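Here are my notes on this model, in numbered points. Please read them with the structure open beside you.

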Amino acid sequence: MTSAVKVTGVTHVYVTEERATLAVQDIDFSIGQGEFVSLIGPSGCGKTTLLSMIAGLILPTAGGVEVGGEPVRGPSSKVGYMLQQDYLFPWRTIEANSWFGLEIEGRLTPETKQSTLELLDEMGLLRFKDYYPTQLSGGMRQRVALVRTLATDPELLLLDEPFSALDYQTKLQLEDLVLRTLRAKKKTALLVTHDMSEAIAMSDRILVLDPNPGRLRRVFDVPADIRSASPLLARELPSFHGLFREVWQEFGGESDADR
Ligand SMILES: Nc1ncnc2c1ncn2[C@@H]1O[C@H](COP(=O)(O)OP(=O)(O)OP(=O)(O)O)[C@@H](O)[C@H]1O
């Protein structure tokens with residue numbers, strides 16, 4: 001079966017007038033169709049660099065990236081991006097913000113408008129369609145950003161800390177909504193997060209990166225009982241706590257057993 005994402009021997013060096021920075025080196029991994037994978041690691045280990053290469057925003061210095069079996073040579077409508085900030089246009093209504101990606105791709109038709117309204121309905125936002133972003137809460141705005149990302153029907157979603165600016169309760173609710181939606185639509189997702197609990201609660205697999213330069217340190221498979229639970233209930237399972245300890249130790253943390 002073709003991988004949804006294939007990263008092979010990828011290295012990226014940022015070159016400026018002052019210096020060259022080896023951001024990531026010799027990274028290999030693939031993501032299966034419909035799989036949800038998280039990328040975690042200390043600040044500066046190259047998470048955003050990797051996402052940018054998969055999105056086709058920057059090119060690898062060495063190695064290659066494939067999405068849906070085709071080499072990535074630039075941005076593509078196969079890939080959707082959701083970020084920490086929602087980047088909604090304040091002068092556009094929620095409905096018009098939701099269409100934005102379709103408009104840019106020249107795909108705004110009565111049918112795609114209708115399917116966007118259906119997505120707004122799925123996210124519990126239909127009655128706010130004529131509101132403006134400033135009239136919505138942070139969690140609602142991120143739900144609009146999710147609708148805008150899904151409206152173009154990408155195969156792959158790149159999620160760069162989309163929950164990190166939200167309060168804890170809203171974050172858990174949105175994690176649940178995003179996971180249910182992506183599973184139902186059989187989308188492939190790669191999430192960058194600093195939150196180990198979030199990575200464990202949402203993912204099928206977790207990739208841990210080392211910094212300076214960014215390298216793949218370890219891959220964790222998330223047990224089936226966690227994967228079949230909601231992100232909220234997953235956090236109560238004994239296997240969740242076991243995996244949390246293992247990942248924590250990988251980062252150099254201590255457990256009670258070490259003391
Ligand atoms: N545009 C750029 N020009 C030069 N160096 C860069 C650029 N972007 C990132 N870097 C460097 O590349 C390395 C990896 O950065 P990157 O932003 O990918 O890490 P990250 O893991 O996403 O960090 P964080 O968790 O803090 O967001 C860092 O050393 C960073 O300083």
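Predicted model: local features only at pLDDT ≥ 70, side-chain atom pairs only at ≥ 80, totals over all residues.

1. Burial first. A residue is buried if 20 or more other C-beta atoms lie within 10 Å of its own, exposed if 12 or fewer, and partly exposed in between, with C-beta atoms placed from the backbone. Helices (H or I, at least four residues) and strands (E, at least two) are DSSP runs, numbered from the N terminus. On that basis strand S3 (residues 36-40) is mostly covered, with 5 of its 5 residues buried.

2. Residues are numbered from 1 along each chain as its sequence is written.

3. Strand S3 in its sheet. In a regular strand the side chains alternate between the two faces of the sheet. Here Phe 36, Ser 38 and Ile 40 point one way from S3, Val 37 and Leu 39 point the other way, and all are buried. Two strands pair if DSSP finds at least two bridges between them. S3 runs parallel to strand S8 (residues 188-192), joined by 4 bridges. Ser 38 stands opposite Leu 191 in S8. S3 also pairs in the parallel sense with strand S9 (residues 205-210), over 4 bridges. There Val 37 has Arg 205 as its bridge partner.

4. The ligand shell. Which residues surround the ligand? They are Tyr 14, Thr 16, Thr 21, Ala 23, Ser 43, Gly 44, Cys 45, Gly 46, Lys 47, Thr 48 and Thr 49. A residue is near a molecule or strand if its C-beta atom, placed from the backbone, lies within 6 Å of it. By class the shell has 3 nonpolar, 7 polar and 1 charged residues. Ala, Val, Leu, Ile, Met, Phe, Trp, Tyr, Cys and Pro count as nonpolar, Asp, Glu, Lys and Arg as charged, and the others, Gly among them, as polar.

5. Helix H1. Strand S2 (20-31) and helix H1 (47-54) each supply at least two residues of the shell. H1 gives the most, with 3 residues. Of the 8 residues of H1, 6 are buried, so H1 is largely enclosed by the rest of the structure. The buried ones are Lys 47, Thr 49, Leu 50, Leu 51, Met 53 and Ile 54. Gly 56 follows H1 and has a positive phi, near 80°.

6. The antiparallel strands. Strand S1 (residues 5-15) pairs with strand S4 (residues 62-67) in the antiparallel sense over 5 bridges. Val 5 stands opposite Val 67 in S4. S4 is also joined to strand S5 (residues 70-71) by 2 bridges, again antiparallel. Glu 66 stands opposite Pro 71 in S5. The hairpin of S4 and S5 has 2 residues between the strands, and Gly 68 takes a positive phi near 60°.

7. Arg 218. This residue lies in strand S10 (residues 215-221). Buried or exposed? Arg 218 counts as exposed, with 12 C-beta neighbours inside 10 Å. The C-alpha atoms of Arg 218 and Ile 206 are separated by 8.3 Å, and the two are 12 residues apart along the chain.

8. The whole chain. The protein chain has 10 helices and 10 strands. Of its 259 residues, 38% count as buried. The C-alpha atoms fill a box of roughly 55 × 45 × 40 Å, taken along the principal axes.
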